Amino acid sequence: MPSYTPPSVVAISIIGRHGSPIFLDLFEELDEEESLWLQCSLASSLDPIEDKVKQAKGDNRYLGFVFPSGDCRVYATTSNTLVKLLAVLKGEPRDADVRNLLRLTHEAYSAQVCNPFYEYSTPITSQKFRNGIRKIVADTKLKPA
């Protein structure tokens, strides 16, 4: 009988309205091949995200599970400006835990965008922002990988 492995966060990514990468934080050591695989998985998830956004009704921006990738799963939400916030997870987490993780990530991103020194839609290089995302992941039920 296979053993149960609790869900864990592999990466958090923010992708701009037009597909440009804004932020990526990895929570597990990846070699060059694994890193390339992760980047391809994130890029491949953009089409299913666009499809789900078109089908979404009302103000619900949480898209849930959008793309399988090996032993990982990509979950997403979008902002009102169609910025995509993605979480790459191992295992099968509870939907409420993923929703909470992405909601808190969106709140952190919104605070970053309100910073008068941040130029909208440019890569986020702030260590303070990265530390905030790491704290969000550490405080959720979805632990870093």
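This report describes the pockets, nonpolar cores, aromatic pairs and selected residues of a predicted model.

Rolling a probe the size of a water molecule over the atoms shows where empty space is left. The largest pocket holds about 260 Å³ of space. Its lining comprises 16 residues, and Thr-78, Ser-79, Asn-80, His-106 and Ser-110 are the closest to the centre of the pocket. Two elements, strand 4 (72–78) and helix 3 (95–113), each contribute at least two lining residues. Helix 3 makes the greatest contribution to this lining, with seven residues. By residue class, the lining of the largest pocket contains five nonpolar, eight polar and three charged residues.

The volume of the second largest pocket is about 170 Å³. The residues that line this pocket are Ser-13, Ile-15, Gly-19, Pro-21, Phe-23, Leu-24, Gln-39, Leu-42, Ala-43 and Leu-46. Strand 1 (8–15), strand 2 (21–26) and helix 1 (32–44) are the elements that give two or more residues to the lining. Seven residues of the lining of the second largest pocket are nonpolar and three are polar, with no charged residue.

## Nonpolar cores

The largest nonpolar core has 24 residues, of which Val-9, Ile-12, Ile-14, Ile-22, Leu-89, Leu-101 and Ile-133 touch the most other members. At least two residues of this core come from each of strand 1, strand 2, strand 5 (84–90), helix 3 and helix 4 (127–139). Helix 3 supplies the largest share of the core, five residues.

Ile-133 illustrates the contacts made by a member of the largest core. When neighbours within four places in sequence are set aside, Ile-133 is in contact with Ile-12, Phe-23, Asp-25, Phe-27, Thr-105 and Ala-108.

## Aromatic pairs

A pair of aromatic rings is described by the distance of the centres and the angle of the planes. Across the whole structure, two aromatic pairs are found. One of them joins Phe-23 and Phe-129 in an edge-to-face arrangement, with 4.9 Å from centre to centre and 85° between the planes. Phe-23 belongs to strand 2 and Phe-129 to helix 4, so this pair ties together parts that lie 106 residues apart in sequence. Phe-23 and Phe-129 are both buried. Phe-23 also lines the second largest pocket and is in contact with Ile-133.

## Residues with a positive phi

Most residues other than glycine have a negative phi, and most peptide bonds are trans. Leu-82, although not a glycine, has a positive phi of about 70°. This residue lies in the loop between strand 4 and strand 5. Ser-121 likewise has a positive phi, near 70°, and is a residue other than glycine. The loop that holds Ser-121 runs between helix 3 and helix 4.

## Accessibility and contacts of selected residues

| Residue | Relative accessibility | Class |
|---|---|---|
| Ala-87 | 0% | buried |
| Gln-112 | 11% | buried |
| Leu-82 | 26% | partly exposed |
| Ser-121 | 31% | partly exposed |
| Lys-143 | 41% | partly exposed |

Ala-87 is part of strand 5. With a relative accessibility of 0%, Ala-87 falls under the 20% cut-off and therefore counts as buried. Not counting residues up to four places away in sequence, Ala-87 touches Ala-11, Ile-12, Arg-73, Val-74, Tyr-75, Leu-101 and Leu-102. The C-alpha atoms of Ala-87 and Arg-73 are 8.2 Å apart, and the two residues are separated by 14 residues along the chain.

Gln-112 is located in helix 3. Beyond residues up to four places away in sequence, Gln-112 touches Tyr-118, Ile-124, Ser-126 and Phe-129. Phe-129 is thus linked both to Gln-112 by contact and to Phe-23 by the aromatic pair.

Lys-143 is found in strand 6 (residues 143–144). Apart from residues up to four places away in sequence, Lys-143 touches Pro-7, Ser-8, Val-9, Val-137 and Ala-138. The C-alpha atom of Lys-143 is separated by 11 Å from that of Asp-97, which is 46 residues away along the chain.

Conventions:
Residues numbered from 1 in each chain as written. Predicted model: local features only at pLDDT ≥ 70, side-chain atom pairs only at ≥ 80, totals over all residues. Heavy atoms only, no water. 1 Å grid on protein atoms, 1.4 Å probe; cavity = no way out; pocket = protein on both sides within 12 Å on 5 of 7 lines; lining within 4 Å. Points joined across faces, edges and corners; volume = space filled by probe spheres on them. Helix = DSSP H or I, 4+ residues; strand = E, 2+ residues; numbered from the N terminus. Nonpolar A, V, L, I, M, F, W, Y, C, P; charged D, E, K, R; others polar. Core = buried A, V, L, I, M, F, W, Y, C linked by side-chain atoms within 4.5 Å. Buried < 20%, exposed > 50% of the residue type's maximum accessible area, 1.4 Å probe, protein only. Contact = heavy atoms within 4.5 Å. Phe/Tyr/Trp six-rings, centres within 6.5 Å; stacked < 30°, edge-to-face > 60°.
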